[in-house]
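Here is a short briefing to read with the model open beside you.

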Amino acid sequence: MSSSINTPTHFIRNIIDQNKRGVTTRFPPEPNGYLHIGHAKSICLNFGLAEDYNGRCHLRFDDTNPHKENAEFIEAIKRDVTWLGYTWGGEPRFASDYFEQLYQYAVELIKKNKAYVCDLSAEETRVYRGTLTERGKDSPYRNRSIDENLDLFARMRAGKFTDGQCVLRAKIDMAAPNINLRDPAIYRIRHGVIHHQTGEAWCMYPMYDFTHCLSDAIEAITYSLCTLEFEDHRPLYDWFLDTLAVPCHPQQIEFSRLELQYTITSKRKLSQLVDEGVVANWDDPRMPTIAGLRRRGFTPASLRDFCRRIGVTKSENNVEMSVLESCIREDLNDNAPRRMAVLHPLKVVLTNYDEDKTEKISAANHPQKEEMGQRTVPFSRELYIDREDFREEAPKKFKRLVIGGEVRLRNAYVIRCDMVVKDAEGEIIELHCSYDPDTLGKTPEGRKVKGVIHWVSAADAIPAEIRLYDRLFTQAHPDANSLEGNFLDYLNPDSLRTLTHCFVEASLASAQVEDHFQFEREGYFTVDPDHHQGQLVFNRTVTLRDSWAKIEKTG
RNA sequence: UGGGGCGUCGCCAAGCGGUAAGGCACAGGGUUUUGAUCCCUGCAUACCCAGGUUCGAAUCCUGGCGCCCCAGCCA
């Protein structure tokens with residue numbers, strides 16, 4: 001039944017294994033923003049469980065607060081779940097599909113003397129609720145008759161009251177130590193909002209606690225998985241289902257939400273980044289949204305692997321960025337074809353190479369996977385290499401190009417630097433080198449050349465824009481309560497560096513949006529949607545692991 | 001004694017009374033026309049603390065301590 005070798009077990013699987021009652025789960029996003037990496041954890045859990053246990057997982061929009069929701073988010077959410085590799089069978093569901101049934105359940109609650117219409121204002125309600133340590137006190141409207149409540153509730157629906165004039169409340173226990181049980185509101189009045197699904201059919205909307213458990217029951221969900229902050233709501237979840245005549249009673253199980261270091265996963269704050277223009281949009285490659293990660297160059301497989309690696313528990317899930325990076329590197333190392341691209345071009349002239357000559361050099365698309373084939377790269381007298389690969393004064397361990405030194409041009413010849421050409425300001429503008437014609441595909445005679453650098457032929461190279469991304473925040477926990485100030489104070493000013501004068505090898509002319517490549521020695525890159533003929537744009541997904549950077553840093 | 005939850009390596013995480021899996025990170029070494037990949041090796045006498053039960057405890061009991069969540073007519 002459960003777990004293959006690569007799906008580690010966890011406490012929820014253990015519960016399912018013990019229960020042996022089939023698996024129907026649901027992923028219930030509210031369409032008030034884009035899905036983020038934390039949702040990916042929930043998606044992989046819910047859809048993954050359904051897959052592994054031969055069950056079903058419903059995509060259900062929790063759309064009970066139309067004021068904050070819209071159709072654009074619905075489409076984005078469907079796209080992201082699909083992109084991650086999951087299907088929900090048929091049409092997505094909406095909590096709003098059940099509004100009429102929910103209304104009838106509310107009537108049933110009133111008839112059972114378990115709900116009442118309360119005229120207290122929001123502020124008064126707060127006072128009556130008590131505090132964490134002091135019990136609340138009963139609303140003066142708590143003992144209205146069933147008939148009066150039935151009439152009032154019908155008039156709420158009919159639009160006879162204004163926003164906030166009254167609410168329907170569950171009648172539970174104002175002295176309950178769990179605040180959620182102190183007669184929670186279950187319907188509130190909202191005039192004038194056009195609901196994206198139901199239009200103007202309703203002027204009042206059910207609250208989450210009432211809606212969620214009943215929607216689960218209506219859909220015959222067996223396991224209703226949610227995050228830890230809903231643990232306190234479970235007694236309420238169970239109370240509604242125990243009090244009402246429902247077809248089944250799903251089991252709510254809570255797990256800890258994902259915290260990814262150096263980013264945020266609060267929809268409110270992500271919205272703020274978009275609204276205030278801190279990032280370009282929800283799919284900005286710096287965003288931890290699924291759309292952002294996709295545009296950054298993450299693959300569905302890498303995200304699923306990430307969710308598998310981080311596990312599912314009830315303890316704090318405070319994950320280092322290195323885990324995510326490891327996942328995407330592992331996927332792309334296997335699957336991304338290699339290419340050469342020069343980010344900071346420095347011209348090299350091979351003084352002993354014929355001026356009119358161009359060779360077609362064959363280069364492997366993957367050093368370990370022959371089946372990925374070869375492509376040809378043009379080689380000529382004038383090339384570009386990266387400025388970082390040449391040093392006038394180099395530390396002893398530097399094994400790239402230095403004056404008088406030799407280096408291997410990846411896939412091509414060994415060259416020696418003979419002369420440095422500088423402009424009036426002393427800036428290096430080009431290097432004069434000579435190549436050894438006897439080193440194509442073979443090691444040179446009598447000497448060892450340790451360094452290998454990448455290059456592109458100047459005449460054939462295609463100009464490109466390359467966008468380098470770094471973490472969005474400078475603090476591991478930018479929204480931690482203990483940190484002074486606003487999370488916006490910890491924005492990383494270097495989270496995006498745009499390089500507009502890069503050169504990539506000719507074969508990249510045909511690259512398509514979302515294609516993945518390894519630019520050798522630089523990292524993994526993907527084609528940005530801004531990419532078009534005449535303007536190639538690549539996003540750096542992640543750098544290669546770089547032990548040289550460590551050596552240089554520590555000396 | 002407001003309620004709920006959590007505490008196993010720097011970060012995740014197995015473990016469910018029989019003597020601490022694994023991943024990431026980190027540190028060494030080997031191969032290499034990517035300082036990449038790959039391959040070895042190392043990395044908790046110790047499981048928040050203190051008592052107790054037991055031949056035996058991370059696992060059971062008792063008492064502490066620490067951290068997280070809850071006072072929306074948000075979800």
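The points below are grouped by topic.

This is a predicted model, in which local features need pLDDT of at least 70, side-chain atom pairs count only at pLDDT 80 or more, and totals for chains, interfaces and linings use all residues. Residues are numbered from 1 along each chain as its sequence is written, chains are lettered from A and ligands numbered from 1 in the order in which they are written, and side-chain values use heavy atoms, with hydrogens and water left out.

**A seven-stranded sheet**

- Seven strands make an open sheet with mixed pairing, in the order β21-β18-β19-β20-β14-β17-β22.
- At the edges stand β21 (452–453) and β22 (456–457), each with a single partner strand, so one side of each has no neighbour in the sheet.
- Strand β14 (residues 345–350) and strand β17 (residues 382–386) run antiparallel and are joined by five bridges; Val-349 stands opposite Glu-382 in β17.
- Strands here are DSSP runs of E with at least two residues, helices are runs of H or I with at least four, and both are numbered from the N terminus; two strands pair if DSSP finds at least two bridges between them.

**Aromatic rings**

- The structure holds 24 aromatic pairs (rings of Phe, Tyr and Trp, the last by its six-membered ring, with centres within 6.5 Å; stacked if the planes are under 30 degrees apart, edge-to-face if over 60, tilted for the rest).
- Tyr-34 and Trp-282 are stacked, because their ring centres lie 5.2 Å apart and their planes are at 10 degrees.
- This pair links distant parts of the chain, 248 residues apart: Tyr-34 is in the loop between β1 and α2, and Trp-282 in the loop between α9 and α10 (290–296).
- Tyr-34 is buried, at 9% relative accessible area, and Trp-282 is buried too, at 7% (buried is under 20%, exposed over 50% and partly exposed in between, with a 1.4 Å probe and protein chains only).
- Phe-519 and Phe-538 are edge-to-face, 5.2 Å centre to centre with 70 degrees between the planes, and both are buried.
- One aromatic cluster includes Phe-99, Tyr-103, Trp-202 and Trp-239.

**The second largest pocket**

- The second largest pocket has a volume of about 910 Å³, and among its 32 lining residues the closest to the centre are Pro-28, Glu-30, His-39, Phe-230 and Lys-267.
- α2 gives the largest share of this lining, four residues.
- By class, the lining has 10 nonpolar, 12 polar and 10 charged residues (Ala, Val, Leu, Ile, Met, Phe, Trp, Tyr, Cys and Pro count as nonpolar, Asp, Glu, Lys and Arg as charged, the others, Gly among them, as polar).
- On a 1 Å grid over the protein atoms alone, a pocket is an open set of points with protein on both sides within 12 Å along at least five of seven lines, a cavity is a set where a 1.4 Å probe fits but cannot get out, and lining residues have an atom within 4 Å of a point.
- Grid points are joined across faces, edges and corners, and a volume is the space filled by probe spheres set on the points.

**Cavities**

- There are two cavities of 30 Å³ or more.
- The largest cavity holds about 60 Å³ of space, and its lining includes Met-340, Trp-455 and Glu-505.
- Seven nonpolar, one polar and two charged residues make up the lining of the largest cavity.
- The second largest cavity holds about 40 Å³, and α7 gives the largest share of its lining, four residues.
- Phe-230 is among the residues that line the second largest cavity.
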